[in-house]
There are 2 protein chains.
Amino acid sequence: MDEQTVNARLDDIQSALQQKGHRLTRSRQKIVETLLNCGGHITADGLLELVHEIDPTVGRMTVYRTLELLSELGLIRPIYQGTGAAHYILLDGGHHHHLICSGCDAVFEFEECGLQEVGQLLAERFNFAVEGHLVEFYGRCPNCQ
Amino acid sequence: MDEQTVNARLDDIQSALQQKGHRLTRSRQKIVETLLNCGGHITADGLLELVHEIDPTVGRMTVYRTLELLSELGLIRPIYQGTGAAHYILLDGGHHHHLICSGCDAVFEFEECGLQEVGQLLAERFNFAVEGHLVEFYGRCPNCQ
DNA sequence: CTCTGTGCAAAGGATTTGCACTACG
DNA sequence: CGTAGTGCAAATCCTTTGCACAGAG
């Protein structure tokens, strides 16, 4: 994500926080900024490491709690592949599509999906404010077949 | 799942195991049988409890390892919602669709999806043997909006 | 000033590992 | 018989909790 986009998204997220009555601490700013810069798809600990490069005083707990907060606000989403650490992905109105190998857990990404209508349908039926979606196909990659 | 279906699936799974050179131990039989009977969508520990009802000598590790093995064979799939224990779902050629609330983590299930063609497309492009898929929509439920 | 947010350390829960033993094929 | 599978206990990894202190509004 280029710097301009990062700053725009940073503003969005900061206003979203403030609107919900959350404060804009220095730690949170650094965490969010780092998350945007790295493009998402990172674990809590991975993010902590990156944040420490610009400010080693930020604690692990703050990262965890900030990520939880952003999840509650619907701005990011944790995804759990395998049993290891959760990965957080940016949910900028977007969708994510993974193709995962049952054998070696390799992840491929792709773009297409025809789920806009389904999303609308669900929004109506369940009275849900749909914010994004994730599609995962499972199978075996060429090597593991 | 009725008993007849369970037995049929049990046979399928047992042959799948044997074909890959895995043994058919008593513990594994009981674990697979229990998994089929309960219909899937259960945690490793939950499954262990159920298995213990028919045989308390089966160890926790065997359950974990059997589930891992079945995952590798593409017969079941772990899904991770929130950070708690993994849930395993039966992947009998099927697909699963969840609507998840970012606020309270409630999960709703639904049926429709138009992903058969996408699956085929991916199978060709990536040379993947697609076995199933999971769709998750994120948003806010009526209570959390 | 007040109350949310922070950071530390310790607790908690789920899963994995090491190793000797068992039993399938 | 040989090797894959088993079971136990301890270890590990990720995440949460409790609590006193700090800083945003």
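This is a predicted model: local features need pLDDT of at least 70, side-chain atom pairs count only at pLDDT 80 or more; totals for chains, interfaces and linings use all residues.

Author: Happy to! Let's start in chain A, where a salt bridge joins the side chains of Asp55(A) and Lys30(A), with 2.6 Å from N to O. Asp55(A) sits in the loop between helix 3 (44-54) and helix 4 (60-72) of chain A, while Lys30(A) belongs to helix 2 (residues 26-38) of chain A, so the pair ties together parts that are 25 residues apart in sequence. Asp55(A) is buried, its relative accessible area being 9%.

Glu131(B) and Arg140(A) form a salt bridge in which the closest N and O atoms are 3.9 Å apart. Glu131(B) comes from strand 6 (residues 129-140) of chain B and Arg140(A) from strand 6 (residues 129-140) of chain A, so this pair joins two chains. Glu131(B) is partly exposed, at 22% relative accessibility, whereas Arg140(A) is buried, with a relative accessible area of 14%.

Arg60(B) lies in helix 4 of chain B and Asp45(B) in helix 3 (residues 44-54) of chain B, so the two tie together parts that are 15 residues apart in sequence. Both partners count as partly exposed: Arg60(B) at 42% relative accessibility and Asp45(B) at 34%. As a general point, side chains of opposite charge can pair when their charged atoms come close.

How values were computed: Residues are numbered from 1 along each chain as its sequence is written. Chains are lettered from A and ligands numbered from 1 in the order in which they are written. Side-chain values use heavy atoms; hydrogens and water are left out. A salt bridge is a side-chain nitrogen of Lys or Arg within 4 Å of a carboxyl oxygen of Asp or Glu. Helices (H or I, at least four residues) and strands (E, at least two) are DSSP runs, numbered from the N terminus. Buried means under 20% relative accessible area, exposed over 50%, partly exposed in between (1.4 Å probe, protein chains only).
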